[in-house]
Amino acid sequence: MGNKKEKQLIILIVLLSITCLMVYSSPSSEKPGKKIALSHYLESIEGYTTESDNALSPQVFKALDLDDYMSTVYIGANGRVSLYIGYYYSLAKVSAAHSPTICFPGQGWTINQPAMKRLVVDDKTIHYAEMLASILENKSLILYWYQAYHLTSPYIYRNKINTLLNKISGKKENHAFVRVSIPFSDTITKENAEKTGTDFIKAFYPKFIKFMDENEKGKE
């Protein structure tokens with residue numbers, strides 16, 4: 001068992017080393033052109049209305065090394081849901097996104113061990129993590145994943161590998177961190193919050209994939 005784990009660790013280290021080599025020794029194949037703002041593209045989602053857009057502070061934007069982002073609260077038939085997407089255009093920023101399992105406790109939230117789940121939307125499977133987060137009287141169900149073009153994973157290391165493989169195979173380098181948050185309480189159960197979240201993902205995800213495809217057409 002120990003030898004197996006050691007071999008897996010060695011393979012991971014080799015892959016991450018290759019990622020670093022690719023980032024620092026070769027220029028990005030993607031040249032910036034005219035881009036569509038993510039928040040504008042996802043401003044309208046069928047079945048939902050926009051309640052508010054929440055701007056990040058310049059300090060947070062810089063710390064996350066973002067190329068684009070959105071942080072929007074929507075209202076649907078089942079209540080309120082928040083969507084955050086941190087967006088990046090190249091492999092060079094594949095290490096910029098932060099894990100919620102670190103960020104949330106760092107901000108005072110208590111979280112449980114994330115559960116790994118998957119959801120099929122159209123012809124694509126989203127591999128995501130689900131965790132509960134609470135602070136004072138506030139409780140939220142958090143669904144999150146890392147997106148490497150059309151590939152998804154709840155693990156940040158896997159996203160690095162996926163992004164690298166996309167580059168090597170001539171696919172797009174754009175990648176993102178996606179987080180869907182749903183409040184719940186004594187009147188909104190965890191099960192209802194989970195359904196609210198997955199229903200929202202089914203509504204916005206096809207449009208997000210279309211954004212990733214169409215926005216790259218603006219490259220030169």
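## Ground rules

Since the model is predicted, local features need a pLDDT of at least 70 and side-chain atom pairs count only at pLDDT 80 or more, while totals for chains, interfaces and linings use all residues. Residues are numbered from 1 along each chain as its sequence is written, and side-chain values use heavy atoms, with hydrogens and water left out.

## The chain as a whole

Let's start with the big picture. The protein chain has 6 helices and 9 strands; these are DSSP runs numbered from the N terminus, with helices (H or I) of at least four residues and strands (E) of at least two. Of its 220 residues, 42% are buried. Here, buried means under 20% relative accessible area, exposed means over 50%, and partly exposed is in between (1.4 Å probe, protein chains only).

The accessible surface of the protein chain is about 12000 Å², and carbon and sulfur atoms hold 56% of that. Such areas come from the Shrake-Rupley method with a 1.4 Å probe, and for residues only the protein chains shown count as cover. As for contacts (heavy atoms within 4.5 Å), take those with a separation of 6 or more: 66% of them join residues 24 or more positions apart.

Side chains of opposite charge can pair when their charged atoms come close. A salt bridge is counted when a side-chain nitrogen of Lys or Arg is within 4 Å of a carboxyl oxygen of Asp or Glu, and the model has 10 salt bridges by that rule.

Lys93 takes part in a salt bridge with Asp65, where the closest N and O atoms are 3.5 Å apart. Lys93 counts as buried at 18% relative accessibility, whereas Asp65 is partly exposed at 36% and Asp67 is partly exposed at 29%.

Another salt bridge joins Glu130 and Lys117, at 3.4 Å from N to O. Glu130 sits in strand S6 (residues 124-135) and Lys117 in strand S5 (residues 115-121), so the pair ties together parts 13 residues apart in sequence. Glu130 is buried, at 5% relative accessible area, but Lys117 is partly exposed at 29%. Both belong to a network of salt bridges that links Lys117, Glu130, Lys190 and Glu194.

## The largest pocket

The largest pocket has a volume of about 620 Å³. A pocket is an open set of points on a 1 Å grid over the protein atoms alone, where a 1.4 Å probe fits, with protein on both sides within 12 Å along at least five of seven lines; lining residues have an atom within 4 Å of a point. The volume is the space filled by probe spheres set on the points, which are joined across faces, edges and corners.

Of the 28 lining residues, Leu56, Tyr84, Phe104, Gln107 and Arg179 are the closest to the centre of the largest pocket. S3 gives the largest share of the lining, 5 residues.
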